[in-house]
Protein chains: 2
Amino acid sequence: MRGVVIESQDFRLTTHPDPVAGPGCVVVQVRGAGLNAADLQQARGTYPAPPGWPADVPGLEIAGEIDQVGPGVRGFAPGDRVMALVGGGGHAERIVVPAELLLPVPEDLPWEQAAGFPEAFSTAWDALVLQAGIRAGDRVLITGAAGGVGTAMVQLAAVSGAHTVASVRRPELHDRVAALGAQVVTPDQEETQGPYDVIVELVGGPDCLHRIALLRSRGTVIIVGVQGGDTAPLRMFDLMVKRARLIGTTIRGRSPAEKAVLAAALRTSVVPLLARGRLRVPVDATFPLDRFADAYARLAAPGKFGKVILLP
Amino acid sequence: MRGVVIESQDFRLTTHPDPVAGPGCVVVQVRGAGLNAADLQQARGTYPAPPGWPADVPGLEIAGEIDQVGPGVRGFAPGDRVMALVGGGGHAERIVVPAELLLPVPEDLPWEQAAGFPEAFSTAWDALVLQAGIRAGDRVLITGAAGGVGTAMVQLAAVSGAHTVASVRRPELHDRVAALGAQVVTPDQEETQGPYDVIVELVGGPDCLHRIALLRSRGTVIIVGVQGGDTAPLRMFDLMVKRARLIGTTIRGRSPAEKAVLAAALRTSVVPLLARGRLRVPVDATFPLDRFADAYARLAAPGKFGKVILLP
């Protein structure tokens with residue numbers, strides 16, 4: 001089978017041996033695979049794949065049909081439409097996935113949307129609902145709201161009954177972010193329509209912790225992405241006076257058991273919202289596997305709305 | 001009655017009108033009053049008293065006998081021995097205190113110890129137990145562990161079943177901190193006996209957030225004091241990879257209702273531990289009211305073990 005491989009900090013298409021489903025696992029014939037900033041970080045060598053996953057094949061999320069079912073797997077059969085957040089190896093024609101990570105793909109959902117669901121919605125659900133504990137009536141600020149995780153955050157905040165302010169640098173994307181359920185879309189990262197119960201940081205940068213001043217007392221800043229700069233001065237006295245929380249989160253380094261627990265929460269609570277049309281997966285662009293280089297270039301470019309997807 | 005007053009960023013003893021107990025309040029004849037860093041900050045103008053409390057009389061905690069009972073107060077009578085965390089006004093011979101803030105003083109507990117209990121143990125209980133959620137078996141690092149709040153933190157960590165590492169700059173205080181229940185006492189703020197489930201920051205300073213590297217995955221840093229410097233660079237990517245929480249906390253600015261809730265938790269859970277001798281209040285030095293200047297000087301000096309107390 002063909003798959004992308006990382007070599008000398010660059011990507012290249014190569015032929016891999018066909019994978020075999022071990023105990024508890026299935027082989028998925030990949031029909032769509034999402035691209036994520038972590039793929040670029042992995043190529044640069046700053047974000048290695050977790051143990052147990054291909055070290056040199058990018059791709060954190062896939063959708064496709066089950067091709068082989070390994071020993072001890074129950075509830076799945078060849079041909080089932082599934083999607084999953086994986087530790088790597090998704091940008092290929094086939095991948096081995098532990099069955100406990102599989103999510104069902106709702107009927108009629110196109111592959112490109114299914115392929116863009118697992119990473120963004122797992123990250124957003126875990127951060128916003130499970131960790132920040134968002135509740136109806138909360139005021140939420142989401143920075144970098146037009147990206148893959150950002151568009152998922154805006155929708156989950158909306159279905160949670162929050163009043164959502166989305167910060168999106170490019171004015172030409174504002175209407176589309178508003179259509180996902182944001183009450184206010186602003187180009188201004190320093191906007192002051194607070195106070196906020198929750199601030200979701202998807203951008204980072206040296207000034208981003210100044211936004212603590214926009215929190216309500218006992219508010220939460222959850223740091224999910226810091227592509228714009230990963231170090232910032234923290235005025236600790238402000239954090240004390242606000243009695244605020246700052247939470248950092250990633251999913252990739254979690255144990256297999258923790259990832260299975262999160263997948264179970266997605267299966268129970270989030271996939272049904274997707275199936276009912278309460279959530280959708282904005283897709284910025286799709287590329288066939290042999291145009292992988294264009295796909296990564298699009299991922300690295302500014303001004304995207306939603307996900308970039310490979311269609312092997 | 002006599003009391004200390006803040007004038008031109010300095011302290012002075014003066015005569016105040018005798019207070020009267022309004023509805024829901026009592027007047028306490030102060031027998032002991034703790035000194036806190038916040039008194040010095042208030043004198044410098046950087047930490048004003050919350051609304052409803054004397055703006056210019058320092059003193060955040062008192063112990064003494066009830067002198068007058070205001071209308072609508074139940075369960076208290078003149079002569080009762082009480083202690084309380086107050087919003088200010090404690091460094092005087094008498095003070096008005098809302099009855100809902102009063103804690104009973106255990107029989108036989110000397111005034112100087114009762115006077116040093118409310119602020120340190122309210123702060124420590126709220127931060128370590130209610131917010132950081134410390135549990136038996138946790139590994140805890142407490143910086144600045146020889147001070148008033150530090151000695152309370154070490155004891156509460158010990159009664160909670162935690163393995164406690166205390167960082168104390170002065171070696172001559174190490175034995176006394178160990179006797180409070182710390183398994184390890186170290187002079188090194190950068191010590192590396194982690195990983196820790198909880199780090200209690202009582203010192204601050206520009207390097208203090210580097211200690212995030214010592215956290216266990218999903219660990220908590222709770223920032224309670226930043227006398228050593230209130231701004232520090234935060235490596236947000238480290239916080240993400242550790243999936244760590246950073247919590248800032250203060251008690252002084254809380255609403256009267258929140259303070260009453262905390263006082264109720266102290267009454268139920270912490271005062272009984274004090275009464276049974278499981279907790280004690282280390283007193284560094286006591287001074288009569290007219291030696292207030294020496295008391296504040298001692299408070300500002302390094303090398304203390306426990307609380308500095310005025311005995312009006």
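1. Two residues are taken to be in contact if their C-beta atoms, placed from the backbone, lie within 7 Å. On that basis, 25 residues from chain B and 25 residues from chain A make up the contact between the chains. The model is a predicted one, in which local features need pLDDT of at least 70 and side-chain atom pairs count only at pLDDT 80 or more, while totals for chains, interfaces and linings use all residues. Residues are numbered from 1 along each chain as its sequence is written, and chains are lettered from A and ligands numbered from 1 in the order in which they are written.

2. On the elements: helices (H or I, at least four residues) and strands (E, at least two) are DSSP runs, numbered from the N terminus. The contact takes 25 residues from chain B, and β13 (231-235), α6 (236-242) and β14 (245-248) of chain B each supply at least two residues of the side that touches chain A. The largest share of that side, six residues, is from α6(B). By class, the side of chain B that touches chain A has 14 nonpolar, six polar and five charged residues; here Ala, Val, Leu, Ile, Met, Phe, Trp, Tyr, Cys and Pro count as nonpolar, Asp, Glu, Lys and Arg as charged, and the others, Gly among them, as polar.

3. Strands also pair across the two chains, where pairing requires that DSSP finds at least two bridges between two strands. Strand β13 (residues 231-235) of chain A runs antiparallel to β13(B), with five bridges. In this pair A:Pro233 is opposite B:Pro233.

4. Chain A is assigned domain 1 (2-117 + 252-311) and domain 2 (120-248), with bounds from an automatic or database domain assignment. Their C-alpha centres are 26 Å apart. Between them, 17 residues of domain 1 of chain A are in contact with 16 residues of domain 2 of chain A. On the domain 1 side, helix α7 (residues 256-275) of chain A gives the most, five residues. That side of domain 1 of chain A comprises 11 nonpolar, three polar and three charged residues.

5. In chain A, the axes of helix α3 (residues 118-131) and helix α4 (residues 148-159) come within 8 Å and cross at roughly 50 degrees. α3(A) is therefore oblique to α4(A). Axes are lines fitted to C-alpha atoms, for helices over the stretch in contact, and angles run from 0 to 180 degrees between N-to-C directions; under 35 degrees counts as roughly parallel, over 145 as roughly antiparallel, 65 to 115 as roughly perpendicular and the rest as oblique. Among the residues that meet are A:Trp125 and A:Leu128 in α3(A), and A:Met153 and A:Leu156 in α4(A). This contact of α3(A) with α4(A) has 11 nonpolar, two polar and one charged residue.

6. In chain B, helix α3 (residues 118-131) and helix α4 (residues 148-159) have axes that come within 8 Å and cross at roughly 50 degrees. α3(B) is thus oblique to α4(B). Residues that meet include B:Phe121 in α3(B) and B:Ala152 in α4(B). The contact of α3(B) with α4(B) has 11 nonpolar, two polar and no charged residues.

7. A hairpin in chain B may also be checked. Strand β1 (residues 2-7) of chain B and strand β2 (residues 10-15) of chain B run antiparallel and are joined by six bridges. B:Gly3 is opposite B:Thr14 in β2(B). Two residues lie between the strands of this hairpin, and B:Ser8 takes a positive phi near 50 degrees.
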